[in-house]
Structures are given as structure tokens and as C-alpha cells.
Amino acid sequence: MDNLKEQLPNTPPEGTTWEVELKKVGFVRRLLMGRHWYGADWWFVVISSIAVLAFIIVAIAPGLFAPYSPDALVGPRFLAPGAYAELSVLVVPQDSKVNQLEDLAVPEGADRPQIAVVQDVPTSGDLNTQAQAIDQELKNQPAGLRLRPIIDRYASLDEALQAVVEGKDIAAVIQTTEYKNSHAQFPTLREAASLTGEKVAGGFILGTNDIGQDIFSRMLWGTRIALIIGFSSSLLSLFLGVPLGLLAGFMGGAFDRLLSLVMDSLYAFPGLILAIAITAVLGPSMLNIIIAIAVLYIPTYYRIVRGQTLTVKEEVYIEAARSIGARRWDILWRYIFPNVIPSVAIIFSVNVADAILTGAGLSFLGLGLPPTMADWGIDLARGQRFIQSAWWMITFPGLAILLVVLSFTLMGEGLTEIFNPKLRDR
Amino acid sequence: MSDDILYSVHNLSVDYKTRGGAVRAVDNVSLDIRRGEILGLVGESGCGKSTFGKALLRLHDGPASIPEGELWFDGRDLMKLSINEMPAIRGAELGMVFQDPMTSLNPVQSIMEHLTETIQAHEPKVSNAAARARAEELVERLGIRHERLKEYPHQMSGGMRQRVMISLALALRAKLVIADEPTTSLDVIVEAKFLDLLKELREEFGLTILLITHNIGVVAEICDRVAVMYAAKMVEVGTAEEVFAQPKHPYTQGLLKSVPNINMGEGELYKMGGEPPSLLHPPTGCRFHPRCPAAMEICSRIEPTFESVAGDHMAACWLYQKQTDSQASTRKKANLG
Amino acid sequence: MSPIALIALIIGVPAVLLLAYVLITGSSGLRRYILTRVALTLPMVFILGTLVFFILRILPGDPVSSALGPKGTPEMIAHIRTQLGLNDPLIVQYGRFLKNMVTLKFGNSLVGGHRPIIDEMSERFPATLELIIPASILALVIGIFGGTLAASKRKKPTDYGFRIFAVFIYSLPVFWFGLILQLLFGVKLGWLPISGRIDPIIGTTLKTYTNIYSIDALITGNWPAFWSVVQHLILPVVTLGLIQSGLFIRMTRANVIETLQADFIGAARARGIREHVLIYKHALKNAMIPVITLIGLQVAILLAGAVLTETVFSLPGMGSYLVERISARDYNAVQSVITVFAMLVAVISLAVDIIYSLVDPRVRY
């Protein structure tokens, strides 16, 4: 039955040429016709390629996408995603020079600043405490400034804010959350700092971590590290494993047997554990992780390439080529190499996925990167300590790992089906 | 339909979905199989004979489908049954023997298990012991010692395996056995023994056999009637004497001429020109016309109908058609029965 | 009797008896195959051990000075190095290493109480066993069932669903998955405990023989303890097992699909054998055979996953032991643990190959 499935027309009466080309069709053709032929697998490859591309772009220039630097302490600690800290903030007119409470200090004898608050709300108490504390400090300074604000109480938030707009009060002190609700109605006002001088911040898309860094930014910056580790180690493995495989397959003999024995033993060994051992000795640094992970995957490339080389070597046309006197190098290059490339491409994408997972695992265990770097594994380890209170610290970095790894794996899956449905080796 | 016809196929077509489009592997083929006969179905590889054979059991792989046709087996049209009713008929009334007995047997199952499973699949009430007894009795008749039943397929020779296949087909006394290239993987001596066995079985069990093969020699040896297929179409049917002595269709003639014969001299080997056509875009009119030494103008335009040439000897060729141009252009689905 | 010895006896004695039975009753072909495999395992263990040895010795980084830290004066370092034999020529060290490996003398821990490493390991090993065995079983069950189901409904939604699930699971970081389960079932829903092997209070009532708490609880009829252990095991086992199942699903599915295309399936169908019998009996039996060898390969991934899972769930097993010892710069322990892992992988590979030869009749004769 198989010979019916793809027949070449030999005497095409009105035969269309694309059928004749069917067998000789190249990679690009296959890709384009793929949607029709390969069904879901084609979609896998396309979607995951787009995702991978997106990740690469983010990795190259995280600064373009991340609102903050990963190390910057941008807000209160343990802020839930999208939440605002319940702080008392200073609200001033847009053009005001006042940025913090201290700015309201005036020389002895000058008009005391008037500050609006809402009645029956604890903010006035906070204001008093803060003002007094600042005042004490100021008293000890030679500049002769004092901070003793006059507190105007208003019945409602809107009235208090209106007073600032009209200039009756120089500033208002209200709760952040309440301000968020109303601030659209008062476009001429802005938030200055909180009473305690912290930058008023909130509304971080994914929240903040245990020391106040923005999780979203760290997620984006983490992409760079993950992809660097993934690609570098995979490329290293490739450039070591593929030539070794080609050589071993082509040359055979004792060299092949010995190398294969070593590679098989390495291959059978738990990857993570070997990586742990290597980094343990070399010490934590990005380069060492890359080397450790690279070592893990050399056997995979080696085996596949060697296997393919052996198969191709036995095919008759190699003998034919040799009988014509083609040089060994030519044989290698022209016949064996092109057959090997599709398999290597598949392995590479799965390899990157795995390398990222292993790298994250290593840093999660604290054995990889120095803890100051913005890496997903490190963030997860940190988050574990606060799992009871700050669920967002572990959810998002892990999600990032999942998405990146998934993209590469899907790509590998799809490519496997397209290039060679029988190929099942990892 | 007369009583001596066991299986009457009317206008059967089988389509295959391929990347290039739908291929019609069997195109409007009709055939009668008479009770107790050995009917040979010949043709080149890819002409559709295997597909035809499988379709008789409504067995097909994923991409294949049967868009039209009637399968009148023993008084009922199998096409009218739901596909779930077919397993009861397969093996019990219709049997099939495949080309390669090594791959047709489950490598991790013993021969005995193959047999008892088949028996119990159709007669669930049969106990294990009874099934085993029946299996032993069955294979004795076919020349297999029952000590060998506990062995696995890879431990047996090719000829022995093929006997196992027949015994599986006969386990439930099937009325019609379809043998798809059964001797292609056997050497000549084993093949001869196998063919003798088939003849004996026909005598003893009243078996009807459809023998599908590309080997004319085999057909000449044991077949009562012969059917010839070319490019998914039936081109000639007749008794063995008729077809061998007076082949009507040019393709049959060419086929017979190509058989090497020990009395030939050097350089006499006849080769038919051309190659089998693509079924994706078959030739217009008669499919054989590009290679036919007797092709006429009409052959490239209109397809000849399959009709009687001399009594029960039928062929599809313009050389014998009695219709005129205009009559032939109205394509009627002939009812051959 | 130490827990490790007990476990070794429980598993080892029946295994050896079974092996003897097979060797005696099996054919000469089978006997030859098994003996060859056993013979090949030894070099593999040696190679791995050697690799470990050289990695830890040749690569830069001095274990002793790391262990002593800034307090270590050059004299102290030199003295301890000589004591540990680290200044001897590499060959001598290697020889000593081999000898120790064969006799299972792992030496003492470099830090802390300087306890014999083998004692520490035998305390930790049962916890790992208690984790990986149920996890493997779970993975196999899900994998085989899911893979076959997916193959039987090929190209339909169920198939794609399982494939996506398998790829998804494979991409899931095992430690993150554990954390999420902890979050969901431990913190948010409060149904299950998130760390440890057993409730500490109930744990004091448990008398341990094998140190596999679940078995010990069963033996002593201590139901509260048993229940507590099970509760503590659910999340880690599900974490590890589910992640493992991904590969099994893919492999089983691929194998079953390929087997279903084989001729003998078509021949059986022609005999009237029904579809579901074809799939679940014939195809599965044939497809399972390569999956068995996959189990052998999976052990490596299983152990790696165990390291991470034990860390997430604070289970005192070999995996977390390894991580602790590395942070503590205890190179002796690290080396020993890795060697033990290597041996474990080799032994399990061997067992898998032998089982394979028993299952596939083609190999036997």
C-alpha cells in the first residue's frame, strides 16, 4: 500500500510540476506546505518559535521592557501584585516644590504650614508623630527650621483635596488607597513621598519581594541569565559532542569503543547530580554553571551523531563515493554531515530547555550563581521561605521558567514530528 | 444472484488520502467469486489487488475509505453492516492469509495462544482446554506436530509459519479465504508444497480461495479462474484455460509474454514498454493506452466498459467493444452478476 | 541492625534467589546474556567512580582549605591534607579510592561530628526510597495508561490533550511544581502538611527498624503514625511522580502507535479480534518492552528529581544530604554520595536489563 501514497507521475498527461518536486522538496517548501500536511505539529513549531523569539528579544534588552532595574529597591516589601501599601502619603499640587514632609519645615516665626487631613482617620495621628519626630531633629540643627504644621480637619476626602487645590492648605495627608480612588478628579495634584519618606509606590504588576524589589522586572531580567546559560551550555555541548560523535562513528575501532564507554557511563548518570558535583568543586559563577551543564549534554550529541554517522557510513553510496576516490573529508562533509543536521537541531532545542531547567535547579539549591544575581532559581529559593505570606514570590519566577522551557520543548517536539516521525531519541 | 456465487462484488471503489490528494486505488471493480473455486487475481505491484482483497473484509488502514460499492457475501451486503459487526464475520466466515508470515504473527505470543485466542474471540463459551484441543486437531491436519504449538513465531521456518497462518484462517471453518501474495516470501520448493496444500484444503473443506499474486506461474498451477487488474481497474476475467490460451486484453497478453520460460533462447525476454501510471493523475480513457501496442484513437478519449467478450470471458478493451462512440460516452454502471 | 543492611536483605535475598532460579531453569542463551550483563556492569561502576574521583581531585579547588575556611593556617591545612592522604601521588590516592569503593568504606565526614559517612547515609537512604518508589509507580501507571489511551484515540482531542500534558509536565520545573502544590494544598487549603516525613509528635511514638517510616508503622501496627506518614508523602510523591510520567506517556504512546501499524495487528484484525483487545492486549504488550528499558534510564532523572523534591519538602533523604554536604564543603561525603548514586544507577540498569530479557522471548533463545 505504501507505494500508492506518494507516487511520481511518469507520463503526466497534464501533470502539474509540483508533484514531481514532492520528493525533492526542500525545507522551506515543507515549512510552508506544513500547515496543510502536518497539522497540529506545524502549529507547535510556529507558536513556539514566536515565543522563543520573544524571549530572546526580552533577554537582549530587558531594560526596554522592565519598568525597574532588578536590583533597585523600588517599593515596600511583600507587596501583593497590584496592591498599594497602606501608607499615609503627602499629596501636593503638581508644581509644588514639596516632596517630603521635611520640605514643609519653615524658619522659626514664619507662617506655619497648613496641612489638610480627613476627620476621624488615623492619618492625623501619624502626621503628628512624624512631624514631631522631624521637628526634634530640626531643633538640633543650626538652620533654625521648625516643623509644626497646623492641621485642618475636613469632613471628607474630596474637601481635603479641594482645599489643597485652592491653596488653603499647602499639602494633604491621606491614605494611599483612598487617594487612588479619587485622584482622577484632581489632576492638578500629585503624590509626594509617604510620611516615613518611602517612595510611594504600589501597583507593581507582580508585587515585590522580601526586600522591596519589583518581581516583574526581576522576571524580565532573569530571562537574560536563563537564556545565556541555556544557549551557551548547549552550544558548548554541541561543539564538543558533534565532532566527537562524527570522529568516533567514522573512525571506529578502539577509539570509538573507549569513547563510547565513557560517554555511555556519563549519559546514564543523573545529570543534575553531576552538575552539582562540578559546580561544587569549581565554585559558583555563571561560567562554571555553563561548563557543568555543557558536560552533561555532550553524550547526547555524541550518541546521536555517532549513530547517524554509522548508519550513513554503511550506506552503499559512501562506498561508491570512496571508490571514485573521494577524500575522506569530503565524504564526511558532503554525505554524513547534512543527514545529521536535522537531528542535531532537534536535540539542540530540547537541550536548551533542559539546560535552563538544570540551571534553575542549581541556583534554587544555592549551588549555582552568586545570590545577588537576578535569577529565577534564586528568586524561587528566596520565595520558599515566605510561602505562607507572599505567594506571588514563588508563583511568577517559576511561571517564567515554565514558559521558556515549554517554548523550547514544544519547538523540539514539533520539529521531531516534521523532520523524522520515527526519531525518538532525546 | 445465483447460488453458486459465494461473493459478488459490485462496483467497488477504494480511496486513499495522500498528501497530493485522494488516490483511487480500486476503481469501480466488480467481480464474482464462485463457491469452491480457486480464483487468481493478478496484476503488477500497485495495481490495487491487495487493496481489493482487504476491502472484501472491509479492512483498511486509516487513510483508506470505501466511498461506493456493494459486497454481497453469502446473501447479504456487507457494506450495509456497521463496522462493529465486521469482527464477527472476519475470521469466522472470511479469512485472510498475508504475505509475510513472520510479521503477521505476534512475536510475543505462542502459536497456541494465537489459535486459542481466535477460537475464543468468536466462540467465547469455549473453554481453554477445549480450545487447545481444537487447535491441536486443526494443525495436525495441516502437518504441524502439536508439540510445536507452544513455540514462538521466530522459532519456526517460513513454510511452517505460513501453515500456521492458514490454520488460523481455517480455525473457524471460514468459507472464503483470501490469500494475499502467500508464497512471495517462500522458496520454490516450499511454495510448491504450499500450493498442494491449498488444493487439498479445497477438496477437504470445500474451501473457496481468492489467490492474489503477481506471479503468473502460481496462478497457472492451481487457479480455476483468473482475474487481471491494471491501474485500479479490472481488465480481464475468465477461466484459466481461456485467459492463458486466448488472452484478450493487450495487457494480459503482454503479461503472459513476459514470463520467462526454460525453452526460450537468448535475448528473447519480452519486456512490456512503459511503466505503470500514477493513480493520482491516471491517463485519460483506457488506462493502458500509453503502453498498448494496439492502441486506437478512441482509447485515449473514452474508457472502455468491462463486458463479455466470449461467454463468461470478460475484458475491458475497445478492440472488442460493440458499442459505438456515443453509446460508450454514457457511462453506465454495468450490473455484472 | 542498621537500616540499610535490613533493606538490602529484604530486597537482596529474593532478588538473588530469583536470579539463581532464572539461571538454573533458563536456557543457555538466557544464562549467557545475564552473566554478560552482570559482567558489564562492573566496569561501568568503576568508570563512573573514576570520573567522580578525578572530577573532585583534578579540578581546581582545595577541599580542605575550603572546609577550614579563613581559620585554616597553612600548617593546619598541610597537616590535615597529609592526614587524609591528599598529598600522596594521584595514583596512590586512586588506588586507595578503588579499594575503599569495593569495600564500601566511605570514610568519615570532614565536618561536624566526623561521623562515619556510611552511618549518615544509611539514616538518609530510607527516606529517599520511600519517596522514589511510590513516585515511580505513580509515573508508570499514569504514563502507561495515558500513553495507551492517547494512542488509541490518535489525532483526536484526547491524544493532543495527553501530548500537550506530557510536554507541559516535562517542561515543569520539579521544584516549582512542588512549591505550587505546597502553596495550594498546604498553605491555601490547609489539607496537607508541607514538610517533613511525619508529624513530630506522632513521630516519637514510632519505633523504627528499617527507617522506612511507612513500613515501620505497618509492622508495629501504629496507625496514627502510618496515616501521618502517608499524609506527608502525598505531595512529594505526586510532585515527583507526575513530572516523571511525562516521558512515559510520550514513549508509551509512540510505541503503541508504532506497534499498531505492525502487520500482525492487521492480521489479527482480519481474524476478527476486536479493536480494544488489539490495543490493550496485543499492542501494549509489545510496546511495553522498550518502555522497560526506559525505566532504567529514568532512574537517573528520578534521582535528580529526588534531590530537588527532598529540598523543597524538607525530607531528610540522600538528595538533601548531598546538598547539605556541599554547602558544608564536606568533600568526603559528597564523593561518597555520588559514588553510591552511581552504583544505584548501575544496579538498577542491570536489573532492568535482566527483567527485559525475561519478558521478551526473542532475547531468550
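How many of the 426 residues of chain A count as buried, as a percentage? The figure is 43%. Buried here requires 20 or more other C-beta atoms within 10 Å of a residue's own; 12 or fewer is exposed, anything in between is partly exposed, and the C-beta atoms are placed from the backbone.

Before going further, the ground rules. This is a predicted model, in which local features need pLDDT of at least 70 and side-chain atom pairs count only at pLDDT 80 or more, while totals for chains, interfaces and linings use all residues. Residues are numbered from 1 along each chain as its sequence is written, and chains are lettered from A and ligands numbered from 1 in the order in which they are written.

Chain A, then. The secondary structure of chain A consists of 16 helices and seven strands. Helices are DSSP runs of H or I with at least four residues, strands are runs of E with at least two, and both are numbered from the N terminus. Of the contacts in chain A with a separation of 6 or more, 76% are between residues 24 or more positions apart. A contact means that the C-beta atoms of two residues, placed from the backbone, lie within 7 Å.

Strand 1 of chain A, residues 88-93, has five of its six residues buried, so it is largely enclosed by the rest of the structure. Strand 1 of chain A pairs with strand 6 of chain A, residues 171-175, in the antiparallel sense over four bridges. Pairing requires that DSSP finds at least two bridges between the strands. Ser88(A) has Gln175(A) of strand 6 opposite.

Now helix 9 of chain A, residues 215-251. Its 37 residues should span 54 Å at 1.5 Å a residue, and the end C-alpha atoms are 53 Å apart, which agrees. The expected span is 1.5 Å times one less than the number of residues. Just after helix 9, Gly252(A) has a positive phi of about 65°.

On to chain B. Four strands of chain B form an open sheet in the order 2-1-4-5, with antiparallel pairing. Strand 2 (21-34) and strand 5 (76-77) of chain B are at the edges with a single partner strand each, so one side of each has no neighbour in the sheet. Strand 1 of chain B, residues 5-18, pairs with strand 4 of chain B over seven bridges in the antiparallel sense. Tyr7(B) has Phe73(B) in strand 4 as its bridge partner.

Two residues of chain B deserve a look for their backbone. Most residues other than glycine have a negative phi. Arg58(B), in the loop between helix 1 (49-55) and strand 4 (64-73) of chain B, has a positive phi of about 55° and is not a glycine. Arg58(B) is partly exposed, because it has 17 C-beta neighbours inside 10 Å. Ala232(B) also has a positive phi, near 75°. Ala232(B) sits in the loop between strand 9 (225-230) and strand 10 (233-239) of chain B. Ala232(B) is buried, with 26 other C-beta atoms within 10 Å.

Ser300(B) is in the loop between helix 10 (250-257) and strand 11 (307-310) of chain B. Leaving aside neighbours within four places in sequence, Ser300(B) contacts Thr284(B), Gly285(B) and His289(B). The C-alpha atoms of Ser300(B) and Cys286(B) are 6.1 Å apart, at 14 residues along the chain.

Finally chain C and what it touches. The contact between chains C and A takes 42 residues from chain C and 40 residues from chain A. The chain C side of that contact has 36 nonpolar, six polar and no charged residues. By class, Ala, Val, Leu, Ile, Met, Phe, Trp, Tyr, Cys and Pro are nonpolar, Asp, Glu, Lys and Arg are charged, and the others, Gly among them, are polar.
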